[in-house]
Amino acid sequence: MKQFYFDNAATTPIGKPVVNAIVEVLKYNYGNASSSYSLGRQSKALLETSRKTIAKLFNVSSGEIFFTSGGTEANNLVLKSAVKDLKITHIITTKIEHHAVLHTIQQLEKEHAVTISYLHLNEFGEIDYVQLKELLENRPNSLVSLMHVNNEIGTILDIEYVANLCKAHKALFHTDAVQSVGHYSIDLEKISIDFLTASAHKFHGPKGVGFCFVRKQSGLKPIIHGGEQERGLRAGTECVHNIVGLEKAIAIAYKNLKTDRDYLKELKIYFVNKLKKEIPKVVFNANSDSLKQNTFTLINVRLPLSEDKSNMLLFQLDLKGVACSRGSACQSGSNKKSHVLSEILNDDALKQTSLRFSFSIFNTKEEIDYVVNTLKDLL
């Protein structure tokens with residue numbers, strides 16, 4: 001059966017040039033990057049070239065890029081070290097962050113004398129910027145942890161404004177940019193973010209690798225102890241083939257940034273209009289039909305379907321070859337409601353079926369036609 005994959009916010013298909021780059025390294029560059037002989041030096045050279053490529057794209061020095069196993073580890077590194085080593089006593093965040101941030105913060109609250117402040121949200125999932133400013137004015141030793149693009153509803157944070165606000169109040173700013181890296185240009189020389197995290201499999205790279213931007217002289221310390229890899233901040237033999245795959249994927253993403261963005265915007269507009277035409281009662285959660293207030297990479301829709309039928313909808317779509325989700329992939333095996341939608345929708349709206357469709361450059365308008373017609377038949 002042909003597959004119609006619309007869950008790219010969960011993970012993306014890996015690009016062929018990326019696969020080729022990974023295989024090349026697996027075949028010929030198997031040396032340990034910490035070894036001093038030629039095979040090790042070759043691996044080390046690949047590692048540092050990848051680091052320089054990423055640093056250049058974000059306008060930072062290569063010494064500020066650290067490789068991790070992905071976004072979850074990178075988020076844990078920043079948050080845990082900030083509390084334990086940088087003496088952060090107050091974290092400002094929201095209840096719609098990815099669980100890699102939320103659960104880490106909740107654990108820190110249990111284990112350390114740290115206070116958590118959750119920002120108010122409007123119906124579109126946008127933060128209360130006035131409240132953020134007031135919290136920063138009244139609490140020293142604060143860290144703000146807010147995601148750039150929400151992975152479920154697509155709300156976009158004004159990272160430049162938040163960064164300036166944090167800098168003015170001598171607070172640290174961490175952004176989980178897993179959903180935006182590869183889709184948005186982020187100049188870290190211009191925007192004073194202290195810590196940024198990313199994961200390769202969100203922009204057609206391999207799973208199991210990501211990176212963390214750590215501003216110079218931040219004082220961050222490791223949470224994984226062992227060797228001196230990654231300049232002592234992240235122990236463990238570097239996965240060179242995955243890192244090279246990350247480099248290849250991110251280089252392609254930013255080389256084609258405008259072309260791909262324009263194509264995805266066109267796809268989103270087409271998807272939105274098709275849904276409105278074929279399923280007039282559809283509702284777009286958090287203004288996800290907008291290109292001004294929301295990312296161009298996804299939509300989150302609420303469908304006119306009774307609660308008893310909704311539990312079978314994803315299964316029925318899967319039988320038809322359609323892959324989408326009800327929320328984050330990390331909770332897809334659970335019957336729990338989306339923690340994101342639970343914060344912005346009322347009880348009646350939550351009882352309705354909400355689905356997230358997220359796109360990549362491999363999707364087509366013909367696929368959208370099939371998905372919408374399939375949905376219409378199942379309602």
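**Reading the features**

Modeller: The charged end of lysine 2 sits over the ring of phenylalanine 4, 5.3 Å from its centre. A charge sits over a ring if NZ of Lys or CZ of Arg is within 6 Å of the ring centre and within 35 degrees of the ring normal. Lysine 95 likewise has its charged end over the ring of tyrosine 118, 5.2 Å from the centre. This is a predicted model, in which local features need pLDDT of at least 70 and side-chain atom pairs count only at pLDDT 80 or more, while totals for chains, interfaces and linings use all residues. Residues are numbered from 1 along each chain as its sequence is written, and side-chain values use heavy atoms, leaving out hydrogens and water.

Biologist: Which strands form the open sheet, and in what order?

Modeller: Helices (H or I, at least four residues) and strands (E, at least two) are DSSP runs, numbered from the N terminus. Two strands pair if DSSP finds at least two bridges between them. Here three strands form an open sheet in the order β9-β10-β12, with antiparallel pairing. The edge strands, β9 and β12 (353-358), each pair on one side only. Two bridges join β9 to β10, and phenylalanine 284 stands opposite valine 301 in β10.

Biologist: Which helix lies across β9, β10 and β12?

Modeller: Axes are lines fitted to C-alpha atoms, for helices over the stretch in contact (heavy atoms within 4.5 Å). Angles run from 0 to 180 degrees between N-to-C directions. Helix α8 (residues 257-278) lies across these strands, running at about 10 degrees to β10.

Biologist: How many aromatic pairs does the structure hold?

Modeller: Rings of Phe, Tyr and Trp (its six-membered ring) pair if their centres lie within 6.5 Å; planes under 30 degrees apart count as stacked, over 60 as edge-to-face and the rest as tilted. The structure holds nine aromatic pairs. One of them, tyrosine 184 with phenylalanine 296, is tilted, at 5.2 Å centre to centre and 40 degrees between the planes. Phenylalanine 271 and phenylalanine 357 form a tilted pair, at 5.2 Å and 55 degrees. Because phenylalanine 271 lies in helix α8 and phenylalanine 357 in strand β12, this pair ties together parts that are 86 residues apart in sequence. Phe6, Phe271, Phe357 and Phe359 form one aromatic cluster.

Biologist: Is phenylalanine 271 buried or exposed?

Modeller: Buried means under 20% relative accessible area, exposed over 50%, and partly exposed in between (1.4 Å probe, protein chains only). Phenylalanine 271 is buried, at 0%.
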